[in-house]
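Let us learn to read two features of a protein model.

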Amino acid sequence: MRLATLSLIPAAQGACGGLPGKLTCGACLDIVAGQPCDRYDTCECMSPEHLAKGCVAAGFCDPVQAGPAVSEGFGLRIAKAHGKRDYNYVRVSVVTQTPEVPEADFFDYSSQFKYRWTDNYLHTGLKEVTPGKVNTFTIGKQTVSVKIPEAGAGAAGVMIADPCFRSTQFTSPIDCQFGDQFKTATRTPLLLNAFVGSSDTDFWSILGDNFYDREGNHSKEFFSKLTNQVKETPFVTVPGNHDYWVMGSPEAGVEADQCANGFMQFYGQDSEASLVASPGESTAPFNFTVDPSTTATSGCSRASPDNSRFFHQFGNVGIIGQSGAYTLEDYAAFMRESCQWLVKTKGIEVGVLVGHWDVGGLGAGDDMDVPSFYDELVAVPGCKEMAAAGNLKFFMGHTHCNVPHPHGHNDTGFMVAGQGMEGCANYGVPILDTTEGRTRVHYFDASTDEAFNAVTSCVTANGWRGCLNLAETWLDQPRTKTMVV
């Protein structure tokens, strides 16, 4: 099937063969690597003859500057432990480019990445912390300070999706249309350093399509710009369609795609797959039973679904993480279990579903995009009562906009993917806040020089709570108690 018939994105003016403009570089790179040009319906402008001097010379990819390999530096990741574990556990991970363990007798599992992004090594372990207090660990020459809210306390998290930037060193297969306008290569890290680095923030998230990265270079480059304060803050992430297939759909997949394998190891979430290992056990916290290179068709095979689904708790917030790349049948038992967990876990007052797709297609079934999955979830006991009380919300990406109430889910759903890609041409920082007996969602616009400068200077000096005069409030609801029969 030809890619040009698959995309839901309109073709950009002058795009080769009607291919969406953001995909032309990726298609060119795949053709140079051996894919037939008729697969993308681009032979009239991307034949081997057209591309004899490469994709940059042909005008389909941005030029880059050669340089030494990017090193993230201290590749720290903190993730909340799965909700089936004790509340006072976090997963501490460090990604390195050498096999040496950063701190002896600290990690449960240390190994080279498997299948994809294999120039990296992961060192990870479960650590007990005291909620409400700063907990300090020593990892090599680094002092790491981790804090999670007490169970039942209000919590706040920065929520973004689909971040992109124009790298000067690595060719980006997917064009970041507004990357130059919003200066995302520098400003997105600066915004995260200000907002997530603030003591006002308890966790942060990227809800898929994390830097449109097939080989791991863009992820490393971006994370090298984040402060240790950001990396010490617990991180929540779920894969999007471009994290499976960089061109955005299984029909356009190639064997070199990561199919979320590099993703799951780089970000070190404590997913359902990790439950095979208890604290101190050296078992891999992933399900590696699916080799992405073993597939009967073109492209790659998706990582096992238990690597990307989870539920866990921050204070009074219960988070359910989902990937739309699977079937509702794959998720049936998980839905029942997570909904019962929400209403039976001490301290949870607000449930939050996080996923990527806002519509079906491009790898997601019609019932697996986040709004449709939410509608299925609210029929499940536990989630049904949470939703009836107004205490079950969802956040997602995919369509590149920052907007409240998407697809008619008023006061319930939030789209947070205005981070540089084509779409609504907005850019800013959404925040979920469940303190003071209310559920609030604030949005800080950063789309102009004036707005960006005002927001970053204020938040750096005062924390974002001291700058709410600069924010638009998308939601401000008093909470009622969820009644479970």
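The dialogue below takes the disulfides and then the cavities of this predicted model.

Q: What is a disulfide, and how many disulfides does a search of the whole structure find?
A: A disulfide is a covalent bond between the sulfur atoms of two cysteines. In this structure, the search finds nine disulfides.

Q: Which cysteine does a disulfide join to C25?
A: C61 is the partner of C25, with an S to S distance of 2.0 Å. C25 lies in helix α1 (residues 24-32). C61 lies in the loop between α2 (43-46) and β1 (75-80). The pair therefore ties together parts that are 36 residues apart in sequence.

Q: Is the link of C25 and C61 right-handed or left-handed?
A: The link of C25 and C61 is right-handed, with 105 degrees about the S-S bond.

Q: Why does C61 count as buried?
A: The cut-off for buried is under 20% relative accessible area. C61 is at 7% relative accessibility, so C61 counts as buried. C25 is buried too, because its relative accessible area is 5%.

Q: Where do C164 and C176 lie?
A: First, the bond: a disulfide joins C164 to C176, S to S 2.0 Å. The torsion about this S-S bond is about 65 degrees, so the disulfide is right-handed. Now the place: C164 and C176 both lie in the loop between β7 (156-160) and α3 (179-182), twelve residues apart. C164 counts as buried at 5% relative accessibility. C176 counts as buried at 2%.

Q: Why is the disulfide of C458 and C467 left-handed?
A: Look at the torsion about the S-S bond. For C458 and C467 the torsion is about -105 degrees, so this disulfide is left-handed. Its S to S distance is 2.0 Å. C458 is buried, with a relative accessible area of 15%. C467 is buried as well, at 0%.

Q: How many cavities of 30 Å³ or more does a search of the whole structure find?
A: The search finds five such cavities. The largest cavity has a volume of about 110 Å³. Of the 15 residues that line the largest cavity, P239, F263, M264, N307 and S308 are the closest to its centre.

Q: Which helix gives the most to the lining of the largest cavity?
A: Helix α8 (residues 261-267) gives the most, with three residues.

Q: How many residues of each class does the lining of the largest cavity have?
A: Sort the lining by class. The lining has ten nonpolar residues, five polar residues and no charged residues.

Note on methods: Residues numbered from 1 in each chain as written. Predicted model: local features only at pLDDT ≥ 70, side-chain atom pairs only at ≥ 80, totals over all residues. Heavy atoms only, no water. 1 Å grid on protein atoms, 1.4 Å probe; cavity = no way out; pocket = protein on both sides within 12 Å on 5 of 7 lines; lining within 4 Å. Points joined across faces, edges and corners; volume = space filled by probe spheres on them. Helix = DSSP H or I, 4+ residues; strand = E, 2+ residues; numbered from the N terminus. Nonpolar A, V, L, I, M, F, W, Y, C, P; charged D, E, K, R; others polar. Disulfide = S-S within 2.5 Å. Buried < 20%, exposed > 50% of the residue type's maximum accessible area, 1.4 Å probe, protein only.
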